[in-house]
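Trainee: I am new to this model. Could you take one part, the interior and what lies around it, and go through it closely?

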Amino acid sequence: MTRVLLVPDLPGEHWPSMDRYASRLVQHMDAKALGLEISVAGEIGSLTVDESSRSPGLRESGSGTHRLEPTPTPSEFGRYLARYWFYPRRIKRKYADVMHVLDHSYGHLLNAESEGACVLTVHDLFPVLMLERPATGLRERVRNRLLTRVLSGMRRANAWIVATEWLRAELADWLGSSSGIHVIPYGIDDAFFEQPGESPSETRRRWKIPEEAFLVLHVGSADRRKNMPAVIAVLGELRDTGVDAWLLQVGGTLTPEHTAELGDRGLDSFTRQVGAVSEADLRLAYHAADALLFPSHYEGFGLPVLEAMASRLPAVTSGAGGLAEVAGDAAVVVGGREFKPYAEAMERIAGDFEWRKELVNRGLERAARFTWAETARKTAEVYKSLV
């Protein structure tokens, strides 16, 4: 039987999308039927608990699994020490026919000699872009040294998994070859298609958002590449044109600059920011909103667009990176960096019921094509091709 070691991110990272990817592979991979013996190198972060079943985030899968106690608020130094020192030494003591590192941020784990084949999932090439920026201080220089190790390990894999054809082309250009790169899209949980137990009105009351407001949702971090200035500008433009628009930001932390801009424009009282939430609250946010705004400058895939479509929520996105591929014709894709086209799309969604209904129907049809079971099946095929 082929022995496969899945290597997730450490729980202390608190990266929900990476936790979700890892937990869904473990949950949906029918190892016995596929002739695989699956073990997991450590505990998967518990931010992705599925209330309808056992918690995939806490699952232990067969021999070789070790529980790593999550650190609720690890320091940056503590996270780096665990990621670059302790975890590689734990992995080095394990043997598997195939080792699958589930996040390119842990590509440095592939620098160690391995008797088996190595698979790496590359979610984006952001580390490459970061290294292109000049290091202006000690912190940046240390980060770049560590990223150099990550990129060195990324090149040592025997096979790479990416979620979009766009990222496959980008990775092939960086590696110098497309050989061994497999395109396997992510899936969407069935729960996103279902109506949650709490009504949109109840969710809005809990977060102090008027029931009659036009609620714009942004999901994910507030990092620079997420283009929060455009989100804030759209909110202001909608209100200036007479739309009672409110913003709900889920999953990130607004910077002092974002907060200052909201205050200067008189938009802070129309903004709700709830940070990291459970998956149950994430689904409630999708169902309580009127439209998703996702104007990122760079994304390898863009799960929020898929989640919105499954939740019957129209999505407006930049199409940057892999976003256009995920959205297809089921979302509004805005080119360029001007914020006004986003505002115009949002204004139309607010006032054109038939167009909104058409987007919802297209989104449901498109989202149904993405399943974690298919993601797991195709991933297992990659393992079997290497032994």
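The interior and its surroundings

Mentor: R312 counts as partly exposed because its relative accessibility is 34% (buried means under 20% relative accessible area, exposed over 50%, partly exposed in between, with a 1.4 Å probe and protein chains only). This is a predicted model, in which local features need pLDDT of at least 70 and side-chain atom pairs count only at pLDDT 80 or more, while totals for chains, interfaces and linings use all residues. Residues are numbered from 1 along each chain as its sequence is written, and side-chain values use heavy atoms, leaving out hydrogens and water.

R312 sits in the loop between α11 and β11 (315-317) (helices are DSSP runs of H or I with at least four residues, strands are runs of E with at least two, and both are numbered from the N terminus). Its phi is positive, near 65°, though R312 is not a glycine.

Now the interior. In soluble globular proteins, nonpolar side chains tend to be buried together. The largest nonpolar core here has 59 residues, and L217, Y286, L292 and L306 touch the most other members (a core is a set of buried Ala, Val, Leu, Ile, Met, Phe, Trp, Tyr and Cys residues joined through side-chain atoms within 4.5 Å). Helix α11 (residues 303-310) supplies the largest share of this core, six residues. Beyond its neighbours within four places in sequence, L217 is in contact with residues including L248, V250, A289 and L313 (contact means heavy atoms within 4.5 Å).

Helix α3 (residues 76-92) packs against helix α5 (residues 138-154) at an angle of about 20°, with axes 13 Å apart (axes are lines fitted to C-alpha atoms, for helices over the stretch in contact, and angles run from 0 to 180 degrees between N-to-C directions). The two are therefore roughly parallel, a label for angles under 35 degrees. On the α3 side, E76, Y80 and Y84 make the contact; on the α5 side, R139, R143, L146, R149 and V150 do.

Last, a charged residue away from solvent. R204 lies in helix α7 (residues 200-206) and is buried, with a relative accessible area of 4%. Apart from neighbours within four places in sequence, R204 is in contact with residues including E211, E212, A289 and D290.

Technical notes:
Parallel < 35°, antiparallel > 145°, perpendicular 65-115°, else oblique.
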